[in-house]
Amino acid sequence: MTKPEDLVRALPEIVGRDMFDALVIRTDFSDDESWNAVVGEMRRPYGPSGEFPASVQVVDAPAWSGATADEVLAAVDEDEYLSVVFLADRHTMQSPARALLALTTIWEDEGDLDPVYYQELIESPEPREFRAAPATVHSVHVNLALGNMGFAEFAAAASAEPDQVLPPF
């Protein structure tokens with residue numbers, strides 16, 4: 001995956017995020033009821049018995065309205081501890097599952113890859129995104145932050161679901 005270039009829109013800096021906080025950015029402001037339901041699901045404790053407290057930083061500012069995935073990725077690029085960001089976009093607000101868009105923040109500059117060794121990666125880049133139920137945000141974020149799983153593993157699990165949404169696990 002290559003980093004997007006020539007982005008014009010400057011979005012506000014995100015400050016105060018703890019490295020263990022999942023980052024969720026609201027980019028669609030069309031349905032407050034759906035948004036409140038998403039936030040409620042994310043703030044519930046998670047884990048097999050609900051033993052882990054919710055740790056999420058929610059960005060709910062109109063300046064992010066309509067921001068594209070590329071714009072968001074460019075805005076969070078300086079956070080070296082962030083491996084995934086979740087967007088509450090129009091699809092989130094309109095879908096029954098309220099599925100968030102999970103975006104990897106890890107960039108592969110294909111120009112720097114040696115084609116002899118990385119031809120498969122160049123021809124079939126890692127997935128950039130997948131949809132995830134709000135209740136999975138913490139598990140995805142923590143497992144990626146700790147290196148227990150890779151983004152591609154979560155994307156593959158989501159694509160194997162009938163609705164293409166990673167369910168809670």
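The expected span of a helix is taken as 1.5 Å times one less than its number of residues, and helices (H or I, at least four residues) and strands (E, at least two) are DSSP runs numbered from the N terminus. The structure is a predicted model, in which local features need pLDDT of at least 70, side-chain atom pairs count only at pLDDT 80 or more, and totals for chains, interfaces and linings use all residues. Residues are numbered from 1 along each chain as its sequence is written, and side-chain values use heavy atoms, with hydrogens and water left out.

The protein chain contains 6 helices and 6 strands, which follow one another from the N terminus in the order β-α-β-α-β-α-β-α-β-α-α-β. Of its 169 residues, 40% are buried, where buried means under 20% relative accessible area and exposed over 50%, with a 1.4 Å probe and protein chains only.

Helix α1 comprises 12 residues (32–43); at 1.5 Å a residue it should span 16 Å, which agrees with the 16 Å between its end C-alpha atoms. Buried positions in α1 are Ser34, Trp35, Val38, Val39 and Met42. These residues lie on the same side of α1, because they cover an arc of only 135 degrees around the axis, the arc being that of the directions from the helix axis to the C-beta atoms. The exposed residues Glu33 and Arg43 are carried by the face turned away from the buried side of α1. The cover over the buried residues of α1 includes β1 (22–26), β2 (56–59), β3 (84–88), α3 (90–94), β4 (100–104) and α5 (137–146), contact meaning heavy atoms within 4.5 Å.
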